[in-house]
Amino acid sequence: MAAAPRTPSPSSLDLEGFAGLAEEEARRRLEREGPNELPARGRRGILAIAWEVVREPMFLMLVAAGGLYLAMGEPRDALMLLGFVLVVMGITILQERRTEHALEALRDLSSPRALVIRDGRQRRIPGREVVPGDVLILVEGDRVPADALLRAGLHLSVDESLLTGESVAVRKAASTGAAALEAPGGDDLPSLFSGTLVTAGQGVAEVLGTGLHTELGRIGKALQQVEPESTFLQKETGRLVRTFALVSLVACAAVVVLYPLTRGGGAQVWKEGLLAGIALAMATLPEEFPVVLTVFLALGAWRISRSQVLTRRMPAIETLGAATVLCVDKTGTLTLNQMTLRRLDVPDLSLDLTLAGPELPEPVHALMEYAILASKRDPFDPMERALHEAGKRWLMATEHLHPDWSLAREYPLDPDLLAVTHAWNDGHGQIVVATKGAPEAVVDLCHLSPERRAEVDARVAELASQGLRVLGVARGQYAPEALPEGHHDLELAFLGLLGLEDPVRPTVPAAVAECRTAGIRVVMITGDYPATAVSIARQAGLSHPERVLTGPELNRLSDAELAARIGEVQVFARVVPEQKLRLVTALKANREVVAMTGDGVNDAPALKAAHIGVAMGGRGTDVAREAASLVLLDDDFSSIVAAIRLGRRIFDNIRKAVAFIVAVHIPIAGLSLLPVFFPGWPLLLLPVHIVFLELVIDPSCSLVFEAEEAEADVMRRPPRDAQEPLFTLKAIGLAVLQGTTALGACLAVYLLARPGHGHDAARALTFAAMVVSFLAIILANRSWTQSILGSLRNPNPALWWVLGGTLACLALVLAWPVAQRLFHFAPLQGRDLLLAAAAGFASILWFEAFKFLRHRPKAPAGG
């Protein structure tokens, strides 16, 4: 719906009899029908985001603990906890708002414009104000702003590729009697569709539908019927959270009851018991699982954004690691969606321009020269632009370009003769005639003999089998007074054939090959003809491109028959949008994990139905981008491979992060729970300590594991099973052992410190040992094959920030008197701190020994 750059003059298009709507009537229709736009995804306000934060269990527990401290006469502790509440809310709101702004950046910021006739006058208005009944004026270069019927026109052609997948423009024929729209695609119809592009000619059209009542709008409605599925990782994380939450609630209730009973009751003891219960619930509540998932996917989205990939639904990044099938559209996805001159074919010479040198052979000069003369000088049609580009490259230094010639006459293309002819004054008193068009039409104009006609037909069939769009070219010469009136009266000499193609993107073959190495099947789904589809599939490197299933054949198959054949076919041709959706559904029924790429409105339902929808952002429509999970901003197909690689890396690193979370929760829960059963012990962990651990250690370690590079074989192994659990029993056992030994180290420090230190000093030493053990667990879990020293050689900038920041915060709370009071610590001696640090680090040495024994080189047999 771009603004029309030109306005037709009365001499070029007859506007008589088109008065258009009255302004008042247009206003009433706008109020009744609504604006001519597709509704954007609703934005969430700050209050809605804040309400989501308020309902989080961790938030509620922080508020409860803060209120309890106030009731116990501890305002400093209460203010610290409530301050953390504001920090958590602020970070969440900021992140959500940044996500909202990133999505809004995809939509056009300027309102498209439309040229209409109202009250008998031409007016340029915002496209959103077009209403049914408006009279549109369309010229070359316009985006059609609404669905309409062509009432008058001059050689109008429209690119409908965003609806049909066909890259070649279709001719439009005016009709004063038509009352309804035909289906998109097909020549010589009066139907015009919102969002399509006028490539040639001029026209006057009557608007029939706007907004949701357009073809785009109907496809948008279809999207609402398809609900995106939660990823397996989301479902598994949800199950883990529910299980741990149930355990934490039961443990909390037990502590609240047992703590007062073991200490003789009393109001103050009951308050302490309630505080201990809240601390235990905070210690065991696995809010880190969704946090880690969000952080990993958000940072993953940021990483691939540097490769021009925008993530609209972050869980799709993780799902990419399990993708088994990648469905791609041909036009604009595998190809550039721009025509290129590929072949020049004259008698005794057929030249492939991809193999041509800086100079063309003389026999083909005239063919290209007259093809350019038969085109507009400033064309918008993609084929004519391709001809001019070729002329600039190969004919610029020759006498075969004629910028000084003037156009004497044009014989336009019409449904009965699919050829266009330009007659030029050459400046020497002669008229030079150039014709190009459908080969059969040019052959007819040239009156070729049956034998020569058969030869041309054979060459046309051969070029078409290569996926080329074939045009014939002819020439003639006349004296000015002898130029005939009728197109059929021209005497022309046949020059040869042109082969044009929508070329495969240069990066596609390598990207397809990498997908094959990674065990991902690439399937092409297109609305184009089978011969063209096979040619493009072969150039792109798809497996078995000769296995083709067409849309009509697909219609004759039952769902069961389609499921049986879909695993063997790599190319689907002449497919309509509803069939694309059916193909994706059939692949999903075969337990495939489906990624779908596309850029047109016709792709949107399949994009939304697929596990991962990947829209092209440069040429893609708003509807496709709204339906997709990922958007390739540079339309580079190879970017999808980077996203798949990242998805596999993310899953590996999430496993490491979850191992850390399980491990560190054991000493936190243990130190929160054990004092309940020993009346002489003070509470070792208070809510403020747990908040410190949550805000410093856990989010920081998430950054460390997220920043770990992918394994060397990440794209040389098959996709993982989409139902593969995040954590195996073996991995859970190792994590539990890590946590148990860390708990043992902390208890040892407490028991050693307790006799000669007060409660606050023993608590401080125990806390220091816990923090150091956490850092040791981070270092050990960076790699499950390399030692800590070996993994330190792998670059990870986040690691040093985490280690330095955590140790600095630990030093602050242990040494600064104000922090000591807030954390209920006492001053410590350096010797004691060394003991705590050594105990914390020693807790992980068994895991280092386990890795060494498991992966040590085996001695050669027969020594």
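Me: A polar contact is a pair of N or O atoms within 3.5 Å; inside a protein, one of the two must be able to donate a hydrogen and the other to accept it. In this predicted model, what makes the pairing of aspartate 147 with serine 194 a polar contact?

Reply: The side chain of aspartate 147 comes to 2.8 Å from the backbone nitrogen of serine 194. The limit is 3.5 Å, so the pair meets the distance rule.

Me: Why is aspartate 147 called buried?

Reply: Buried means under 20% relative accessible area. Aspartate 147 has 0%, so the word applies.

Me: Where does aspartate 147 lie, and which residues does it touch?

Reply: Aspartate 147 belongs to strand 4, residues 147–159. Leaving out residues up to four places away in sequence, its contacts include Leu181, Phe193, Ser194, Glu206, His213 and Arg218.

Me: Glu206 is in that list. What makes glutamate 206 and arginine 151 a salt bridge?

Reply: The rule asks for a side-chain nitrogen of Lys or Arg within 4 Å of a carboxyl oxygen of Asp or Glu. Arginine 151 lies in strand 4 and glutamate 206 in strand 7 (residues 197–209), so the pair ties together parts 55 residues apart in sequence.

Me: Are these two partners buried or partly exposed?

Reply: Arginine 151 has 15% relative accessibility and counts as buried. Glutamate 206 has 30% and is partly exposed, because that term covers the range between 20% and 50%.

Me: How many salt bridges does the model have?

Reply: The count is 26. One of them joins glutamate 23 to arginine 123, with the closest N and O atoms 2.3 Å apart. The two residues are 100 places apart, glutamate 23 in helix 1 (residues 23–33) and arginine 123 in strand 2.

Me: Why are both of these residues called partly exposed?

Reply: Glutamate 23 has a relative accessible area of 26%, and arginine 123 has 32%.

Me: What makes glutamate 501 and arginine 342 a salt bridge?

Reply: Their closest N and O atoms are 3.1 Å apart, so the pair passes the 4 Å limit. Glutamate 501 is in strand 16 (residues 493–501) and arginine 342 in strand 10 (residues 340–346), so the link spans 159 residues of sequence. Glutamate 501, at 7%, is buried, and arginine 342, at 19%, is buried too.

Me: How do you know that strand 1 pairs with strand 2?

Reply: Pairing requires at least two bridges. Strand 1 and strand 2 (residues 121–126) share six bridges in the antiparallel sense, so they pair. Leucine 115, for instance, is bridged to arginine 124 in strand 2. The hairpin of these strands has two residues between them, and aspartate 119 takes a positive phi near 55° there.

Me: How many bridges join strand 1 to strand 3?

Reply: Two bridges join strand 1 to strand 3 (residues 135–139), and the strands run antiparallel. At least two are required, so this also counts as a pair. Valine 116 has leucine 136 in strand 3 as its bridge partner. Strand 1 (residues 113–118) is mostly covered, with five of its six residues buried.

Me: Why is strand 20 described as largely enclosed?

Reply: Five of the five residues of strand 20 (residues 594–598) are buried, so the rest of the structure largely encloses it.

Me: Which way do the residues of strand 20 point?

Reply: Side chains in a regular strand alternate between the two faces of the sheet. Val594, Met596 and Gly598 point one way from strand 20, while Ala595 and Thr597 point the other way.

Me: Which strands pair with strand 20?

Reply: Strand 9 (residues 325–328) pairs with strand 20 in the parallel sense over three bridges, and leucine 326 stands opposite alanine 595. Strand 21 (residues 612–616) also runs parallel to strand 20, joined by four bridges; threonine 597 has valine 614 as its partner there.

Technical notes:
Residues numbered from 1 in each chain as written. Predicted model: local features only at pLDDT ≥ 70, side-chain atom pairs only at ≥ 80, totals over all residues. Heavy atoms only, no water. Buried < 20%, exposed > 50% of the residue type's maximum accessible area, 1.4 Å probe, protein only. Contact = heavy atoms within 4.5 Å.
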